[in-house]
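Me: Happy to have a model to look through together. Shall we go over it one piece at a time?

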Amino acid sequence: MLATYLTDRQIGERYNVHHLTPRRWLKTDPTFPRPIRLTPGCTRWKLSDIEAWETAKANFA
């Protein structure tokens, strides 16, 4: 199965936040998934990592 990768803009749309917010979350939330560098200049988040983070946040709240 192929992995699905999201851009910072797609994550912003998913959570209805500015597209730079995921980068801020990297600095302020140690549980937020780290992006994966696919090529130089191309960084994406793995959808399964984002979904796991969502589940963990929902279970914690």
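**Contacts, bridges and a helix face**

Me: Leaving out residues up to four places away in sequence, which residues does Thr 43 touch?
Reply: This is a predicted model, in which local features need pLDDT of at least 70 and side-chain atom pairs count only at pLDDT 80 or more, while totals for chains, interfaces and linings use all residues. Residues are numbered from 1 along each chain as its sequence is written, and side-chain values use heavy atoms, with hydrogens and water left out. Taking contact as heavy atoms within 4.5 Å, Thr 43 touches Arg 23, Pro 35, Ile 36 and Arg 37.

Me: Where does Thr 43 lie, and is Thr 43 buried or exposed?
Reply: Strands are DSSP runs of E of at least two residues, helices are runs of H or I of at least four, and both are numbered from the N terminus; Thr 43 belongs to strand S3. Buried means under 20% relative accessible area, exposed over 50% and partly exposed in between, with a 1.4 Å probe and protein chains only. At a relative accessible area of 16%, Thr 43 is buried.

Me: Which residue meets Arg 23 in a salt bridge?
Reply: A salt bridge needs a side-chain nitrogen of Lys or Arg within 4 Å of a carboxyl oxygen of Asp or Glu, and a search of the whole structure gives 3 of them. For Arg 23 the N to O distance is 3.6 Å, and the partner is Asp 8. The pair links distant parts of the chain, 15 residues apart, with Arg 23 in helix H2 and Asp 8 in helix H1.

Me: How many residues apart in sequence are the parts tied together by Arg 14 and Glu 54?
Reply: The closest N and O atoms of this salt bridge are 2.6 Å apart. Arg 14 sits in helix H1 and Glu 54 in helix H3, so the parts they tie together are separated in sequence by 40 residues.

Me: Which residue forms a salt bridge with Lys 57, and where does that residue lie?
Reply: The N to O distance is 3.1 Å, and the partner of Lys 57 is Asp 29. Lys 57 is in helix H3, so the pair ties together parts 28 residues apart in sequence, with Asp 29 in the loop between H2 and strand S2 (36-39).

Me: What distance separates the end C-alpha atoms of helix H3?
Reply: The expected span is 1.5 Å times one less than the number of residues. For the 14 residues of H3 (residues 47-60) that gives 20 Å, and the end C-alpha atoms agree, being apart by 20 Å.

Me: Within what arc do the buried residues of H3 fall?
Reply: Leu 47, Ile 50 and Trp 53 are buried in H3. The arc is taken from the directions from the helix axis to the C-beta atoms. Those buried residues line one face of the helix, so seen down the axis they fall within an arc of 120°.
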